[in-house]
Amino acid sequence: MQIFVTGASGWIGSAVVEELVANGHSVLGLARSAESAAKVKALGAEVLPGDLDDLAALRSGAGQAEAVIHLANKHDWGNPAESDRAERAAVQAMLDVLAGTGRAFMVANGLSGLVEGRPALETDASPAIGPDADRGGSENLVLGYAEKGVHSLAIRFAPSVHGAGDWGFVNFLTQAARERGVSGYLGDGSAQWSAVHRRDAARLVRLGIEKAPAGARLHAVAEQAVSTRDIANAIADSLDLPVTSIAPENATEHFGFVGSFFADTMTGSNDRTRALLSWKPLGPGLLEDIRMGAYRS
Ligand SMILES: NC(=O)c1ccc[n+]([C@@H]2O[C@H](COP(=O)([O-])OP(=O)(O)OC[C@H]3O[C@@H](n4cnc5c(N)ncnc54)[C@H](OP(=O)(O)O)[C@@H]3O)[C@@H](O)[C@H]2O)c1
C-alpha cells in the first residue's frame with residue numbers, strides 16, 4: 001500500500017515507517033523541517049514537506065495515499081488548546097479528502113480520561129466529543145467517518161511507549177531522578193500505567209492498517225498495569241540512586257510537567273486487540289527495559 005504518515009519523524013512514527021517499509025509498503029511521510037525530512041528519508045520513505053497547519057499539504061498527502069496514519073501532534077503542553085485545535089483541523093482536512101473512498105484513516109490517541117476506576121476497554125467510546133474536547137475530539141470525529149465511506153480506525157497508545165532513545169514521559173522521570181539525585185514516585189505510588197515497547201506498538205499500527213475492520217479501536221498495550229512505584233524503583237536501580245515518595249504538592253517541582261499526571265492511573269485492556277489482529281507483544285516489558293539501561297544515557 002501507499003501510506004501517508006504524519007508524525008513520521010516522531011518517536012512512534014519513525015518506528016512505524018521502518019515497520020511499514022520492511023513489510024513492503026511505500027510511505028510518504030510528512031516533515032516540517034529539513035532535519036525531519038532527512039530523518040524520514042533515511043527510514044526509506046518519500047517526504048512531503050509540510051506543517052500540521054498546512055492543510056493543503058495534508059489534503060495532498062491524503063489524496064495520494066491508499067491509507068493514512070496520523071501520528072503528528074504539536075504536544076504543546078503549555079497550550080494544550082492549541083494542540084487540540086490543530087489536531088482537529090488537520091484530521092478534518094484529511095477526512096474531507098478520504099470521505100467516500102473507502103480508504104483507511106488511523107488516528108492516534110492515548111488512554112487518559114477515557115474511563116474512571118478501571119482499565120479502558122476497546123469498546124469504551126472516548127468521552128471527548130467536539131472541537132473543544134481533549135485532542136479536539138478527533139478520535140470520535142474519525143470513527144464517525146466509518147459511516148461516510150472512510151475505513152476509520154483509532155489506536156490508543158499506552159502512556160509509556162518505551163525503548164532506548166525514548167524522549168517521552170519515562171525519559172522525563174529519569175531526567176528528574178538524575179537531577180534530584182533520587183528517583184521519586186507520587187504518594188504511595190499505587191497509580192498504574194500501561195506500557196508497550198515501541199517496536200510492538202509499530203507492529204500493531206501496521207497490522208491495524210492492514211487488517212482491522214472499520215470502526216475498530218485498538219489498544220497498543222502490552223502490559224496492562226505497571227505501578228508508578230515500580231517504575232520509580234526500576235529507574236533507581238538503573239541509575240543506582242535511592243527511591244523516595246514525593247508529596248503531591250511537590251509533584252511539579254520534582255518531576256516538571258509529568259508531575260501533573262504521574263499520580264493518574266492510565267490503563268487499558270488489550271484482549272480484544274490481541275484477538276482481532278493476532279498481535280503478540282514481544283517486549284521487553286517496561287521495568288526490564290529500564291533496568292537493562294534503555295534510559296541510562
Ligand atoms: N509516546 C507515547 O508514549 C504516547 C502515548 C500516548 C499517545 N501518544 C500519541 O501518539 C502519537 C505519536 O506520538 P510520539 O510519541 O511519536 O510523538 P513525538 O515523538 O513527539 O512525535 C511527534 C511528531 O509530530 C510531528 N509534529 C509536531 N508538531 C508538528 C507540526 N506543527 N507540524 C507537523 N508535524 C509536527 C513531529 O515532527 P518533528 O520531528 O519535526 O518534531 C513528530 O514527527 C501522538 O499523537 C501522541 O500524542 C504517544
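## Who touches whom

Take the contacts in the protein with a separation of 6 or more: 76% of them are between residues 24 or more positions apart. Keep in mind that this is a predicted model.

Burial is worth a look too. Of the 297 residues in the protein, 51% are buried.

## Overall build

If you count up the pieces, you get eleven helices and twelve strands in the protein. The radius of gyration is 19 Å, and the globule rule gives 19 Å for 297 residues, so the protein is as compact as a globular protein of that length.

And how far does the C-alpha trace span along its principal axes? The answer is about 55 × 40 × 40 Å.

## Two helices crossing

Two packed helices are described by the angle between their axes and the distance between the axes. Here, let's pick helix 6 (residues 169-180) and helix 8 (residues 228-239), whose axes come within 10 Å and cross at roughly 55 degrees. Because of that angle, helix 6 counts as oblique to helix 8. As for handedness, the crossing of helix 6 and helix 8 is right-handed.

Which residues make the contact? Helix 6 brings V170, L173, T174, A177 and R178, while helix 8 brings I231, I235, A236 and L239. Sort the residues of this contact between helix 6 and helix 8 by type and you find seven nonpolar, one polar and one charged.

Methods. Residues are numbered from 1 along each chain as its sequence is written. This is a predicted model: local features need pLDDT of at least 70, side-chain atom pairs count only at pLDDT 80 or more; totals for chains, interfaces and linings use all residues. Axes are lines fitted to C-alpha atoms, for helices over the stretch in contact, and angles run from 0 to 180 degrees between N-to-C directions. Helices (H or I, at least four residues) and strands (E, at least two) are DSSP runs, numbered from the N terminus. Angles under 35 degrees count as roughly parallel, over 145 as roughly antiparallel, 65 to 115 as roughly perpendicular and the rest as oblique. A crossing is left-handed if the near helix is turned anticlockwise from the far one by less than a right angle, and right-handed if clockwise. Two residues are in contact if their C-beta atoms, placed from the backbone, lie within 7 Å. Ala, Val, Leu, Ile, Met, Phe, Trp, Tyr, Cys and Pro count as nonpolar, Asp, Glu, Lys and Arg as charged, and the others, Gly among them, as polar. The radius of gyration is taken over C-alpha atoms; the globule rule is 2.2 Å times the number of residues to the power 0.38. A residue is buried if 20 or more other C-beta atoms lie within 10 Å of its own, exposed if 12 or fewer, and partly exposed in between; C-beta atoms are placed from the backbone.
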